[in-house]
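Welcome, and thanks for taking a look at this one with me. Have the sequence and the fold open side by side, and we can walk through them together.

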Amino acid sequence: MKIALVKPPNVGVEVRGMGFYVHRLYEALRRIDGLKIDLVDFSYLPFLYHQYDLVHFPYFDNFFLTLPPILLHPFVVTIPDLTQIIFPHHF
């Protein structure tokens, strides 16, 4: 199985929070036999993900468009925190 692990598009997250999580997830998945995993840049163009069996977006931002509008292949989205939706008066 060939998996695309999509890097978070937000600037500055490479070394903290979701960027740290993505790096650790990538390193762990690389050790699994039978998986081919690529760490790829985010794109709004769904056809750029066509060579993968599964696309994983390991983040979600409810204030910015962080997912392509249409994906033609199976995908997974990790939603790590919905505090802004549950407690909007704090944001």
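In which loop does Phe-60 lie? Phe-60 sits in the loop that runs between strand S3 (54-57) and strand S4 (75-77). Please keep in mind that this is a predicted model. With that said, here is a tour by topic.

**Overall layout**

- The chain is built from two helices and four strands, and read from the N terminus its elements follow the order β-α-β-β-β-α.
- Of the 91 residues in the chain, 31% count as buried.
- The accessible surface of the chain amounts to about 6200 Å², and carbon and sulfur atoms own 64% of it.
- Among contacts with a separation of 6 or more, 49% join residues 24 or more positions apart.

**Strand pairing**

- S1 pairs with S3 in the parallel sense, over three bridges; within S3, His-56 is the bridge partner of Leu-5.
- S3 also pairs with S4, again in the parallel sense and over three bridges; here Phe-75 in S4 is the bridge partner of Val-55.
- As a reminder for reading these strands, side chains in a regular strand alternate between the two faces of the sheet.

**The nonpolar surface patch**

- Which residues form the nonpolar patch on the surface? They are Phe-60, Ile-79, Leu-82, Ile-85, Ile-86 and Phe-87, and together they have about 540 Å² of accessible area.

**Salt bridges**

- How many salt bridges does the structure hold? There are three.
- One of them joins Asp-41 and Lys-7, whose closest N and O atoms are 2.9 Å apart.
- Asp-41 counts as exposed because its relative accessibility is 56%, whereas Lys-7, at 33%, counts as partly exposed.
- Another salt bridge is formed by the side chains of Glu-27 and Arg-30, at 3.4 Å from N to O. Both residues lie in helix H1, three residues apart, which is about one turn of the helix.
- Glu-27 is partly exposed, with a relative accessible area of 24%, and Arg-30 is likewise classed as partly exposed, at 47%.
- The side chains of Asp-38 and Lys-36 also meet in a salt bridge, with an N to O distance of 2.8 Å. Lys-36 is partly exposed, with a relative accessible area of 43%.

**A closer look at Asp-38**

- Is Asp-38 buried or exposed? With a relative accessibility of 16%, Asp-38 falls under the 20% limit, so it counts as buried.
- Asp-38 belongs to strand S2.
- Besides its salt bridge to Lys-36, the side chain of Asp-38 makes a polar contact with the side chain of Tyr-52, at 3.0 Å.
- Which residues does Asp-38 touch, leaving aside its neighbours within four places in sequence? The list holds Lys-2, Ile-3, Ala-4, Leu-5, Tyr-26 and Tyr-52. Leu-5 in that list is also the bridge partner of His-56 in S3.

**The start of the chain**

- Where does Met-1 lie? Met-1 is in the segment before S1.
- Met-1 counts as exposed because its relative accessibility, 53%, is over 50%.
- Even so, Met-1 has contacts with Gly-34, Leu-35, Lys-36 and Asp-53, when residues up to four places away in sequence are not counted. Lys-36 in this group is the residue that forms a salt bridge with Asp-38.
- The C-alpha atoms of Met-1 and Gly-34 are separated by 6.5 Å, and the two residues are 33 residues apart along the chain.

Terms used. Residues are numbered from 1 along each chain as its sequence is written. This is a predicted model: local features need pLDDT of at least 70, side-chain atom pairs count only at pLDDT 80 or more; totals for chains, interfaces and linings use all residues. Side-chain values use heavy atoms; hydrogens and water are left out. Patches are made of residues with over 30% relative accessible area and no salt bridge: like charges are joined within 9 Å, nonpolar side chains (Val, Leu, Ile, Met, Phe, Trp, Tyr) within 5 Å. Accessible areas come from the Shrake-Rupley method with a 1.4 Å probe; for residues, only the protein chains shown count as cover. A salt bridge is a side-chain nitrogen of Lys or Arg within 4 Å of a carboxyl oxygen of Asp or Glu. Buried means under 20% relative accessible area, exposed over 50%, partly exposed in between (1.4 Å probe, protein chains only). Two strands pair if DSSP finds at least two bridges between them. Contact means heavy atoms within 4.5 Å. A polar contact is a pair of N or O atoms within 3.5 Å; within protein, one must be able to donate a hydrogen and the other to accept it, and residues adjacent in sequence count only if both atoms are side-chain atoms.
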